[in-house]
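Please keep the sequence and the 3D view at hand as you read.

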Amino acid sequence: MMNIAVFASGRGSNFEAIAKSIKKGELQANLALLVCDNAKAGVLVKAKRAKIESLVIEREKFANKHDFERDIIKALKLRKIELIVLAGYMRILSSEFVQEYKNKIINIHPSLLPSFKGTQGIKDTFDYGSKIAGVTIHFIDEKLDHGPIIMQATIPIAEKDSLKTLEKKIHKLEHQIYPQAINLFVKHKLKTLGRKVRIY
Ligand code: GRF
């Protein structure tokens, strides 16, 4: 089974959804490592509960970004990680890192890209008055929220929705589709040609 690592900085609801999907046997991968850049993040508690190894690697502990990322890469190589799953990881990876794991880093973003990039995808979608919201899973490239799209899913925004209810619906959708997209990757069912990701 393919070794995968999740990178997260916060609450970790997607991490938990991925771990659960593996436990149920729906997602056939080995969640070998959680990489977290924040010692106070809730995701660390979730990893402990799920008995998944976690490493806290904090940027502040390193003289520069290069050394920080080298330390992460060392940990990934040691565990033979073949896929990096970003799930609320609040750091931008350098192009050197992205090159090292080219087409092996995926991210989930809570909007229909290329709309509403950045850290407030759900709020920006809601405030804009959109009628449809959604989630995008994509490969990472050098630009922010930009790489080839693997999967998107949508939900309507009802008039009675508040930002809070919309957030709930988006997260539920994320938890459903992220394990599915990871499963396609680990089963070698994705092929990328330029911006197009084909599913076989
Ligand atoms: C998710 O909404 C994800 O789309 C975004 O960050 C959030 C992480 O949430 N990239 P959680 O930590 O998985 O609960």
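## The enclosed cavity

Let's begin on the inside of this predicted model. Two helices, α3 (65-78) and α4 (95-100), each supply at least two residues of the lining of the largest cavity. Of these, α3 provides the largest share, with four residues.

How much space lies in the largest cavity? It comes to about 30 Å³. The structure holds one cavity of 30 Å³ or more. Sorted by class, the lining of this cavity has three charged residues, two polar ones and two nonpolar ones.

## The largest pocket

Now for the open spaces. About 880 Å³ of space lies in the largest pocket. The elements that give two or more residues to its lining are α1 (13-23), β5 (105-109), α5 (121-128) and α6 (163-186).

In total, 33 residues line the largest pocket. To find the middle of the pocket on screen, look for Gly88, Tyr89, Met90, Ile108 and Pro110, the lining residues that lie nearest its centre. By class, the lining divides into 13 polar, 11 nonpolar and nine charged residues.

## The ligand and its shell

Where is the ligand in all this? The space it takes is the largest pocket. Around the ligand you will find Arg11, Gly12, Ser13, Asn14, Gly88, Ile108, His109, Pro110, His171 and Glu174. Three elements, α1, β5 and α6, each supply at least two residues of this shell. In terms of class, the shell has six polar residues, two nonpolar ones and two charged ones.

On the side-chain side, a polar atom of Arg11 lies 2.8 Å from an oxygen atom of the ligand. Glu174 also takes part through its side chain, where an N or O atom is 2.3 Å from a ligand oxygen. Ile108 contributes through its backbone instead: an N or O atom there lies 2.9 Å from a nitrogen atom of the ligand. As for cover, the ligand taken alone exposes 370 Å², and the protein buries 86% of that.

## The second largest pocket

Another pocket deserves a visit. The second largest pocket has a volume of about 270 Å³, and its lining is made up of Phe15, Glu16, Ala19, Lys20, Ile22, Lys23, Leu31, Lys46, Arg49, Ala50 and Ile52. The elements that give two or more residues to this lining are α1 and α2 (42-49).

Which element gives the most to this lining? That is α1, with six residues. Helix α1 also supplies at least two residues of the shell around the ligand. The lining of the second largest pocket divides into six nonpolar and five charged residues, with no polar ones.

## Two backbone details

The peptide bond from Leu113 to Pro114 is cis, with omega near 15 degrees. You will find Pro114 in the loop between β5 and α5. Both of these elements give two or more residues to the lining of the largest pocket.

The other detail is at Lys51, where phi is near 60 degrees, a positive value in a residue other than glycine. Lys51 has its place in the loop between α2 and β3 (54-56). Residues Ala50 and Ile52 are among those that line the second largest pocket.

How values were computed: Residues numbered from 1 in each chain as written. Predicted model: local features only at pLDDT ≥ 70, side-chain atom pairs only at ≥ 80, totals over all residues. Heavy atoms only, no water. Near = heavy atom within 4 Å. Polar contact = N/O pair within 3.5 Å; in protein donor to acceptor, adjacent residues only side chain to side chain. Areas by Shrake-Rupley, 256 points an atom, 1.4 Å probe, with all protein chains shown as cover. 1 Å grid on protein atoms, 1.4 Å probe; cavity = no way out; pocket = protein on both sides within 12 Å on 5 of 7 lines; lining within 4 Å. Sits in = over half its atoms within 2 Å of the grid points. Nonpolar A, V, L, I, M, F, W, Y, C, P; charged D, E, K, R; others polar. Points joined across faces, edges and corners; volume = space filled by probe spheres on them.
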